[in-house]
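Student: Could you take me through one part of this chain closely? I would like to look at the sheet and what surrounds it.

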Amino acid sequence: STLFPYTTLFRSKEIRKSWLFDFVNYLVVFQGEIPFLMLLEHLNNKENIKDVPSLIWRNSSNGKIVRNRDLIKNEQNFSQLPVPNFDGLHLSEYGV
C-alpha cells in the first residue's frame, strides 16, 4: 500500500503505531525505488526483510514495529535505473 508522503513525514512517531499495520504490511520511506525492488525480492524469497533499507514493518513473531536502516544517499544511483516505460499509458488523460 502507498500512503503518499505521510510515511516519510511522520515516520518517527505516527507510523510506528501498531494499529496502522492492521491495514498495511510494509511502508517504504524516502526514495523508494531500490527499497521497493528489494521488498519485491523479499516477497519472492530472495531477500531478507531485515536487509531492505528504508522499510517499516511489523514483526509477526513478536508484534513489534521494526524500522530498518535508512537508505544511504550514495547507495541509490539513479543512473543505473531503467528508463520508465510509458507504453499503454494514455498521457493525454493526465494533461501531458
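Tutor: Start with the whole chain. Of its 96 residues, 24% count as buried; buried means under 20% relative accessible area, exposed means over 50%, and partly exposed lies in between, with a 1.4 Å probe and protein chains only. This is a predicted model, where local features need pLDDT of at least 70, side-chain atom pairs count only at pLDDT 80 or more, and totals for chains, interfaces and linings use all residues. Residues are numbered from 1 along each chain as its sequence is written, and side-chain values use heavy atoms, with hydrogens and water left out.

The chain has two helices and three strands. Helices (H or I, at least four residues) and strands (E, at least two) are DSSP runs, numbered from the N terminus. Read from that end, the order is α-β-α-β-β.

The three strands form an open sheet in the order 1-2-3, with antiparallel pairing. Strand 1 and strand 3 are the edge strands, and each pairs on one side only. Neighbouring strands of this sheet are turned by 15° against each other on average, direction ignored. For that angle, axes are lines fitted to C-alpha atoms, for helices over the stretch in contact, and angles run from 0 to 180 degrees between N-to-C directions. Two strands pair if DSSP finds at least two bridges between them. Strands of a sheet pair through backbone hydrogen bonds, either parallel or antiparallel.

Take the pairs in turn. Strand 1 covers residues 26–28 and strand 2 covers residues 55–58; three bridges join them. Leu27 has Ile56 as its bridge partner in strand 2. On to the next pair: three bridges also join strand 2 to strand 3, and these two run antiparallel. Here Ile56 stands opposite Arg67 of strand 3. Trp57 has Val66 as its bridge partner in strand 3. In a regular strand the side chains alternate between the two faces of the sheet.

Follow the chain from strand 2 to strand 3. The two form a hairpin with six residues between them. Gly63 sits in the turn, with a positive phi of about 80°.

Asn45 lies in the loop between helix 2 (33–43) and strand 2. Its phi is near 60°, a positive value in a residue other than glycine. Ser54 lies in the loop between helix 2 and strand 2. Ser54 is not a glycine, yet it has a positive phi of about 60°. How do they sit? Asn45 counts as exposed, at 73% relative accessibility. Ser54 counts as buried, at 2%.

Last, the segment after strand 3 (65–67), where Tyr94 lies. Tyr94 is exposed, with a relative accessible area of 59%. With Phe86, Leu89, Leu91 and Val96, Tyr94 forms a nonpolar patch on the surface, with about 530 Å² of accessible area together. Accessible areas come from the Shrake-Rupley method with a 1.4 Å probe; for residues, only the protein chains shown count as cover. Patches are made of residues with over 30% relative accessible area and no salt bridge: like charges are joined within 9 Å, nonpolar side chains (Val, Leu, Ile, Met, Phe, Trp, Tyr) within 5 Å. A salt bridge is a side-chain nitrogen of Lys or Arg within 4 Å of a carboxyl oxygen of Asp or Glu.
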